[in-house]
Amino acid sequence: MRLLRFAAAHRRTRPNDLLLGTILAFVAGAMNAGGFLAIGHYTSHMTGIVSAITDNLALGLFGLVGAGIALLVSFTFGAACSAVLINWARRHARRQQYAYPLALESGLLIAFAGIGAVVPAASAAAVTALLLCFVMGLQNATITKISGARIRTTHLTGMITDVGIEFGKLAYGRIVRLLDHPPLATDSRKLGILLPIVGMFFVGGLVGALGFKHIGHAFSLPLAALLLVVVSPQLRPRQTATP
């Protein structure tokens, strides 16, 4: 719990980078899987959306092309919003620079639950799809800036590729030892970061799917509460010593 207090702190260390990365991977996995059941779209990665745009363009389905472009733009705006908040805070409220975008994400997850509660599912799908893409862009840009682009949390392709590379290096390292060749440097610490994040994305996906199945859009409320717990220590005013 003490470590959780510093998960969104502006001073970064490897342990709190890993902690925040796993928390955000859990949230992204949950929203991606639960969001798919809610609106029929995965919203955490843009590769599939861009591919769908090209497919629909070739098929002449211009309405779907426009919808795909809207999702892509929403994700981009989310990433841009994170950059604006973080860079503004670095000049005006350094301690809160990473708390602001995560607090906004929490508020948007609450809005997702609210929309699902008051708007019919068919009417809410378009709005919630744009909302979730914005949230995923916001989150991915935030952890990218926090970790210096070492960690992503909304999609796994790059991380699983890196896991495969490190496993390959470990396997080849054993071979060169048997052949008495020069050793090959491996990065076990990198695996120690990547594997927990991939695992938490999977766990989050399972939780999100089950959550939406049983309670609907309200499954996002515990995720919003988790983010508030993470950012609240940084948003709380500092106590000044009394003379």
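**Stop 1: the whole chain**

Show the cartoon. This is a predicted model. Count the elements: the protein has nine helices and zero strands. From the N terminus on, the order reads α-α-α-α-α-α-α-α-α. The C-alpha trace spans about 70 × 65 × 35 Å along its principal axes.

Now colour by accessibility. Of the 243 residues, 42% are buried. Contacts reach along the chain too. Among those between residues at least 6 apart in sequence, 74% join residues at least 24 apart.

**Stop 2: H2 against H8**

Select residues 14–39 for helix H2 and residues 188–215 for helix H8. The two axes are 6 Å apart, at an angle of about 30°. An angle under 35 degrees counts as roughly parallel, so H2 and H8 are roughly parallel to each other. Their crossing is right-handed. What lines this contact? Its residues divide into 17 nonpolar, nine polar and two charged.

**Stop 3: H2 against H9**

Keep H2 on screen. The crossing is left-handed.

Show side chains to see who takes part. From H2, pick Leu 20, Ile 23, Leu 24, Phe 26, Val 27, Ala 30 and Met 31. From H9, pick Ser 220, Leu 223, Leu 226, Leu 227 and Val 230. How many of the residues in the contact of H2 with H9 are charged? There are no charged residues in it; eleven are nonpolar and one is polar.

**Stop 4: H5 against H9**

Take the H5 side by residue: Ala 99, Tyr 100, Leu 102, Ala 103, Glu 105, Ser 106, Leu 109, Ile 110, Phe 112 and Ala 113. They meet Ser 220, Leu 221, Leu 223, Ala 224, Leu 227, Leu 228, Val 231, Gln 234 and Leu 235 in H9. By class, the contact holds 15 nonpolar residues, three polar and one charged.

Leu 227 deserves a label. This H9 residue is in the contact with H5, and it is also in the contact with H2. Ser 220 and Leu 223 are on the list for H5 and on the list for H2.

**Stop 5: the aromatic pairs**

Rings pair if their centres lie within 6.5 Å. By this rule there are four aromatic pairs.

Begin with Phe 36 and Tyr 42. How do these rings sit? Their centres are 4.3 Å apart and their planes lie at 15°, so the pair is stacked. Phe 36 has 31% relative accessibility and counts as partly exposed. Tyr 42, at 43%, is partly exposed as well.

Move to Trp 88 and Tyr 100. Their ring centres are 6.4 Å apart and the planes are at 40°, so this pair is tilted. Trp 88 is partly exposed at 46% relative accessibility. Tyr 100 is partly exposed at 28%.

Next, select Phe 112, Phe 212 and Phe 219. Ring pairs link these three into a cluster. Phe 112 is also one of the H5 residues that meet H9.

**Stop 6: Phe 134**

Finish on helix H6, residues 121–147, where Phe 134 is found. Is Phe 134 buried or partly exposed? At 22% relative accessibility, Phe 134 counts as partly exposed.

Show what surrounds this side chain. Beyond its neighbours within four places in sequence, Phe 134 is in contact with Ser 74, Phe 75, Phe 77, Gly 78, Cys 81 and Leu 108. Last, draw a distance from Phe 134 to His 45. These two are 89 residues apart along the chain, and their C-alpha atoms are separated by 11 Å.

Technical notes. Residues are numbered from 1 along each chain as its sequence is written. This is a predicted model: local features need pLDDT of at least 70, side-chain atom pairs count only at pLDDT 80 or more; totals for chains, interfaces and linings use all residues. Side-chain values use heavy atoms; hydrogens and water are left out. Contact means heavy atoms within 4.5 Å. Helices (H or I, at least four residues) and strands (E, at least two) are DSSP runs, numbered from the N terminus. Ala, Val, Leu, Ile, Met, Phe, Trp, Tyr, Cys and Pro count as nonpolar, Asp, Glu, Lys and Arg as charged, and the others, Gly among them, as polar. Rings of Phe, Tyr and Trp (its six-membered ring) pair if their centres lie within 6.5 Å; planes under 30 degrees apart count as stacked, over 60 as edge-to-face and the rest as tilted. Buried means under 20% relative accessible area, exposed over 50%, partly exposed in between (1.4 Å probe, protein chains only). Axes are lines fitted to C-alpha atoms, for helices over the stretch in contact, and angles run from 0 to 180 degrees between N-to-C directions. Angles under 35 degrees count as roughly parallel, over 145 as roughly antiparallel, 65 to 115 as roughly perpendicular and the rest as oblique. A crossing is left-handed if the near helix is turned anticlockwise from the far one by less than a right angle, and right-handed if clockwise.
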